[in-house]
Amino acid sequence: MAWQGIEGHDTVAALFAAAESRGRIAGSYLFIGPPGVGKGAFARALAASLVCLAPRPGLVACGICGSCLQARAGSHPDIDVVAKPEDRATIPLEAFIGDAEHRMREGLCWRILLKPAVGGRKVAIVLDADHLTDEAANCLLKTLEEPPPGAVMILVGTGLERQLPTIRSRCQVVRFGPLAPETVRRLIAEELARRGDETAAATVAAAAAASGGSLDRARLLLDPEVGAFRGRLLELLSRRPLRGVELARELNAIVEAAGKEAPPRRARLAAFLDAAVEFYRAALRAGAGGERAPDPALDRAVAAWSADADEATVGLDATLDALDAIDRNAHLPTLVDAWTAILEAPRLAHSS
Ligand SMILES: [Zn+2]
């Protein structure tokens with residue numbers, strides 16, 4: 001049984017239920033896990049159950065009280081959610097402390113100080129906590145240092161190393177793992193059925209197998225063009241000599257085909273770089289006699305890989321750096337050119 005309809009994280013839900021039954025819900029949590037596994041949905045469901053007026057055992061919101069209805073409508077006065085706008089690299093400071101005319105008279109850090117309007121709690125959720133400016137982080141830090149009674153702050157990020165140590169040390173860290181490929185397949189199939197979308201079951205299964213346990217990535221891979229290029233990318237990465245210019249040209253073309261807007265282009269490039277990360281990790285595992293890759297395209301590429309572990313390590317590091325650069329809003333074609341240049345001449349990168 002999935003806790004409140006959130007799949008794959010029943011263990012985490014059980015921890016919160018146990019904490020609640022002992023009266024030990026902390027003032028601040030940091031949710032860490034890969035993108036697209038449901039951390040944000042979990043945070044919202046947790047918030048709803050923390051403010052529910054008649055929660056059921058296991059910290060399950062009753063679903064019918066006034067508080068639950070407001071939470072479901074997204075209009076609960078005691079649940080505050082802040083996220084990074086799609087077209088911005090960071091969460092704007094005013095989301096935390098109000099704009100210049102309303103400093104500390106608006107924003108999440110101000111609202112959390114108000115008395116709860118409905119029950120005994122206020123919950124603030126900061127999605128995209130990887131993308132805090134230093135200024136915003138400092139404002140948040142003050143709230144985390146002296147949390148108002150009954151307030152629960154939930155920060156949601158992808159990597160512990162991406163959070164400021166000062167923030168990290170004031171939060172209880174909760175880890176979320178990737179979803180099982182079968183869970184991804186079922187959830188995506190259900191989502192498509194609700195929309196009346198008739199994508200073939202085999203396409204859904206292939207996208208789920210290549211998703212790395214992320215719903216977001218599985219959705220991207222449903223696009224036949226994207227799914228096909230993932231296979232092509234893996235093939236190009238495994239081939240020796242690696243032709244950097246050819247790889248860059250094809251990759252830039254398919255990223256551009258995502259549309260004129262930057263966010264879908266960034267998301268598409270990130271999905272391909274994620275596939276490259278998986279490839280290098282699988283190559284390193286295979287070199288160490290580890291298990292086989294879960295999807296056929298990856299398995300073929302790893303079998304064709306003839307270079308050594310040093311080269312896989314350089315490739316992995318360069319790809320992780322490139323993923324970080326996407327988050328910092330780097331110019332994508334320049335980024336792709338730099339990345340493929342390193343892959344083509346890994347010895348240069350390795351000796352520098
Ligand atoms: Zn309720």
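Select Ser-28: leaving aside neighbours within four places in sequence, Ser-28 is in contact with Leu-144, Pro-147, Met-153, Arg-170, Cys-171 and Gln-172. Here, contact means that two C-beta atoms, placed from the backbone, lie within 7 Å. You are looking at a predicted model, in which local features need pLDDT of at least 70 and side-chain atom pairs count only at pLDDT 80 or more, while totals for chains, interfaces and linings use all residues. Residues are numbered from 1 along each chain as its sequence is written.

Stay with Ser-28 for a moment. Ser-28 sits in strand β1 (residues 28-32); strands (E, at least two residues) and helices (H or I, at least four) are DSSP runs, numbered from the N terminus. Ser-28 is partly exposed, with 19 other C-beta atoms within 10 Å. The cut-offs are 20 or more such atoms for buried, 12 or fewer for exposed, and in between for partly exposed, with C-beta atoms placed from the backbone.

**Next stop: Phe-42**

Show helix α2 (residues 39-51) and pick out Phe-42. Is Phe-42 buried or exposed? Phe-42 is buried, because 25 other C-beta atoms lie within 10 Å. Beyond residues up to four places away in sequence, Phe-42 touches Ile-6, His-9 and Val-12. Val-12 is 30 residues from Phe-42 along the chain, with 9.4 Å between their C-alpha atoms.

**Colour the domains**

Five residues of domain 1 are in contact with five residues of domain 3.

Leu-192 is partly exposed, with 17 other C-beta atoms within 10 Å. Apart from neighbours within four places in sequence, Leu-192 is in contact with Asp-197, Thr-199 and Val-204.

**Into the core**

Which residues touch the most other members of the largest nonpolar core? Select Leu-233 and Phe-279, the answer for this core of 51 residues. A nonpolar core is a set of buried Ala, Val, Leu, Ile, Met, Phe, Trp, Tyr and Cys residues joined through C-beta atoms within 7 Å. Helix α13 (residues 262-287) gives the largest share, 10 residues. Domains 2 and 3 both give residues to this core, so it lies between them. Zoom in on Phe-279: leaving out residues up to four places away in sequence, Phe-279 touches Leu-234, Leu-237, Leu-298 and Ala-301. A second, separate core has 50 residues, including Phe-16, Cys-109, Leu-155 and Cys-171.

**Two helix pairs to finish**

Show helix α11 (residues 224-238) with helix α14 (residues 296-304): their axes come within 8 Å and cross at roughly 10°. Axes are lines fitted to C-alpha atoms, for helices over the stretch in contact, and angles run from 0 to 180 degrees between N-to-C directions. That makes α11 roughly parallel to α14. Angles under 35 degrees count as roughly parallel, over 145 as roughly antiparallel, 65 to 115 as roughly perpendicular, and the rest as oblique. Among the residues that meet here are Leu-234 and Leu-237 in α11 and Leu-298 and Ala-301 in α14.

Finally, show helix α12 (residues 244-256) with α13, where the axes are 8 Å apart and the packing angle is about 140°. That makes α12 oblique to α13. At this pairing, Leu-251, Val-255 and Glu-256 in α12 meet Arg-265, Arg-268, Leu-269 and Phe-272 in α13.

Methods. Domain bounds come from an automatic or database domain assignment.
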